[in-house]
Amino acid sequence: MEGAYNCVFLVVAIVTVIMGRTLASKYVVGGSQGWDESTDFNSWSSGQTFKVGDELVFKYSSGLHSVNELADEKAYKSCDVGSSLKSLNSGSDTIKLDKAGTRYFACGTSGHCDAGMKVKITTGNGGGSSSTTTSSSQSVHVLGPFYVIASLLPIQMVLFVLLA
Ligand SMILES: [Cu+2]
C-alpha cells in the first residue's frame, strides 16, 4: 500500500512540473491601456515575469501606431526606429517570446517613441515555476484551467488514498 502511495505522489509531482513548464501566457502589452502613448510601459513590464513560450499582444488603433522591434539597447535608448528588425501595424500584433533574452519594441509613429512609447521585454527560462504571476498581472493564462486541475490533483490523490 505504501508503494502505491509513493507512486501516486511521484506521478502528481511529474504532472505538476510538466504543466508548469508548458504553461504559456499571453500578455497584452500595457495591460488594459494597451499600446498607447499614455501607458507607462516601465511600470507595466516591471510587474510581469516573462518566460520562453509566452506571447505578447500589442493592441492599438491601426494607422495611429505601429510595433517595431529594435536591434539592441542602444537603438532602444535612442529610439532608432528606422533600423528596426521587424515592423508590424495590424493593430493586434502577436510576438512570440521564443527564447530567453531581452527584446526591444517601440512605436514607429514620429515622436511616439521619444514620448515613452517603447518597451523592453526580458524573457527568462521559466525554470518550471509558474507561481510567480501576481494578482496585479494582466496576463491571460491560455492553459489556466488545466493548471488549476493539476494543482488540485494532490488533494484528489490524498482523498483517493484515504478512502481506498
Ligand atoms: Cu505610437
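**Overview**

Q: How many of the residues count as buried, as a percentage?
A: Of the chain's 164 residues, 23% count as buried, which is the label for a residue with 20 or more other C-beta atoms, placed from the backbone, within 10 Å of its own. This is a predicted model, in which local features need pLDDT of at least 70, side-chain atom pairs count only at pLDDT 80 or more, and totals for chains, interfaces and linings use all residues. Numbering starts from 1 along each chain as its sequence is written.

Q: What elements are there?
A: The chain has 4 helices and 9 strands, taken as DSSP runs (helices H or I, at least four residues; strands E, at least two) and numbered from the N terminus.

Q: Which residues have the most contacts inside the largest nonpolar core?
A: They are Val 29, Leu 56, Phe 58, Phe 105, Ala 106 and Cys 113, in a core of 22 residues. Such a core is a set of buried Ala, Val, Leu, Ile, Met, Phe, Trp, Tyr and Cys residues joined through C-beta atoms within 7 Å.

Q: Which strand supplies the largest share?
A: S7 does, with 3 residues.

Q: And which face of S3 is covered?
A: The face with Leu 56 and Phe 58 is covered, whereas Glu 55, Val 57 and Lys 59 form the uncovered one.

Q: Which residue of S6 stands opposite Leu 56?
A: Ile 95 does. S3 and S6 (residues 92-96) pair in the antiparallel sense over 5 bridges; pairing requires at least two DSSP bridges between the strands.

Q: How does S1 run relative to S3?
A: S1 (residues 25-28) and S3 run parallel, joined by 3 bridges, and Tyr 27 stands opposite Leu 56.

Conventions: A residue is buried if 20 or more other C-beta atoms lie within 10 Å of its own, exposed if 12 or fewer, and partly exposed in between; C-beta atoms are placed from the backbone.
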